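Colleague: I have a new structure open and I'd like to learn how to read it. Could you take me through it feature by feature?

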Amino acid sequence: MAMRVRIPSSGRMDPGSLVRGLIVAVALGGTVLTMAARADATGPYTPDAASTVRRAIVDGLRAAGERPERRVVVAEMRVQDGWAWVVADPQSRDGRERFERESALMQRVGAQWRVVAQPCGDAGCETAREIRRIRKEFSEAPAAIFPRG
């Protein structure tokens, strides 16, 4: 954005105009720098329910399960840099049957999302230990997408 400054025919600017011009330039510069910093420091986010990203992630989760026709109700989803951690409560299409909660680490491969790891769901498995195992195995996945604890 170009800023116009009027210079009188005498070739001298009055101090008030100069100060106002500097204030505007600094304000605009700060806004641009703030926007750039936010773009560089993007963290995990949860895609909107109707977004194509969320639909693609849910489709990938559904495709990996034993019941691909199941409806996936997302309880938690954090996405960053082509990785996602999803916690979902699957159910039958009509909602009458509810199945065991699922968690998964997913990775975007091209335009599709694929399940690359899931914590053990068996009795006696410790969720925290399973998440540590997955984080170690997929160390390139952003730590911020995983549950804390």
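Colleague: Let me start with a detail: with which residue does Glu137 form a salt bridge, and how far apart are the closest N and O atoms?

Modeller: The general idea is that side chains of opposite charge can pair when their charged atoms come close. The rule used here asks for a side-chain nitrogen of Lys or Arg within 4 Å of a carboxyl oxygen of Asp or Glu. Glu137 pairs with Arg133 in this way, the closest N and O atoms being 3.5 Å apart. Before we go on, keep in mind that this is a predicted model, where local features need pLDDT of at least 70, side-chain atom pairs count only at pLDDT 80 or more, and totals for chains, interfaces and linings use all residues. Residues are numbered from 1 along each chain as its sequence is written, and side-chain values use heavy atoms, with hydrogens and water left out.

Colleague: Where do Glu137 and Arg133 sit relative to each other?

Modeller: They are 4 residues apart in helix 3, so about one helical turn separates them. Helices here are DSSP runs of H or I with at least four residues, strands are runs of E with at least two, and both are numbered from the N terminus. Arg133 has another partner, Glu130, with the closest N and O atoms 2.8 Å apart. That pair also lies in helix 3 (residues 127–137), 3 residues apart. Put together, Glu130, Arg133 and Glu137 are linked in a network of salt bridges.

Colleague: Which of these three residues are buried or exposed?

Modeller: Buried means under 20% relative accessible area, exposed means over 50%, and partly exposed is in between (1.4 Å probe, protein chains only). Glu130 is at 13%, so it counts as buried. Arg133, at 36%, is partly exposed, and Glu137 is partly exposed too, at 49%. For the protein chain, 30% of its 149 residues count as buried.

Colleague: How many salt bridges are there by this rule?

Modeller: The count comes to 8. Another one to look at joins Glu102 and Arg70, at 3.0 Å from N to O. Glu102 lies in strand 3 and Arg70 in the loop between helix 2 (52–64) and strand 1 (71–80), so this pair ties together parts 32 residues apart in sequence. Both of these residues are buried.

Colleague: Now the overall layout. What order do the elements follow?

Modeller: The chain has 3 helices and 4 strands, running α-α-β-β-β-β-α from the N terminus on. To read a sheet, look at which strands pair: two strands do so if DSSP finds at least two bridges between them. Here the 4 strands form an open sheet in the order 1-2-3-4, with antiparallel pairing. Strand 1 and strand 4 stand at the edges with a single partner strand each, so one side of each has no neighbour in the sheet.

Colleague: How many bridges join each pair of strands?

Modeller: Strand 1 and strand 2 share 9 bridges, and Met77 has Val86 in strand 2 as its bridge partner. Strand 2 (residues 83–91) and strand 3 (residues 102–109) are joined by 6, with Val87 partnered by Ser103 in strand 3. Strand 3 and strand 4 (residues 112–117) have 5. In that last pair, Arg108 stands opposite Trp113, and the partner of Val109 is Gln112. The hairpin of strand 3 and strand 4 has 2 residues between the strands, and Gly110 there takes a positive phi near 65°.

Colleague: And the largest pocket: which residues are closest to its centre?

Modeller: Rolling a probe the size of a water molecule over the atoms shows where empty space is left. Of the 25 residues that line the largest pocket, Glu100, Arg101, Glu102, Ser103 and Gln118 are the closest to its centre. Strand 2 gives the most to the lining, with 3 residues. Helix 2, strand 2, strand 3 and helix 3 each supply at least two.

Technical notes: On a 1 Å grid over the protein atoms alone, a cavity is a set of points where a 1.4 Å probe fits but cannot get out, and a pocket is an open set with protein on both sides within 12 Å along at least five of seven lines; lining residues have an atom within 4 Å of a point.
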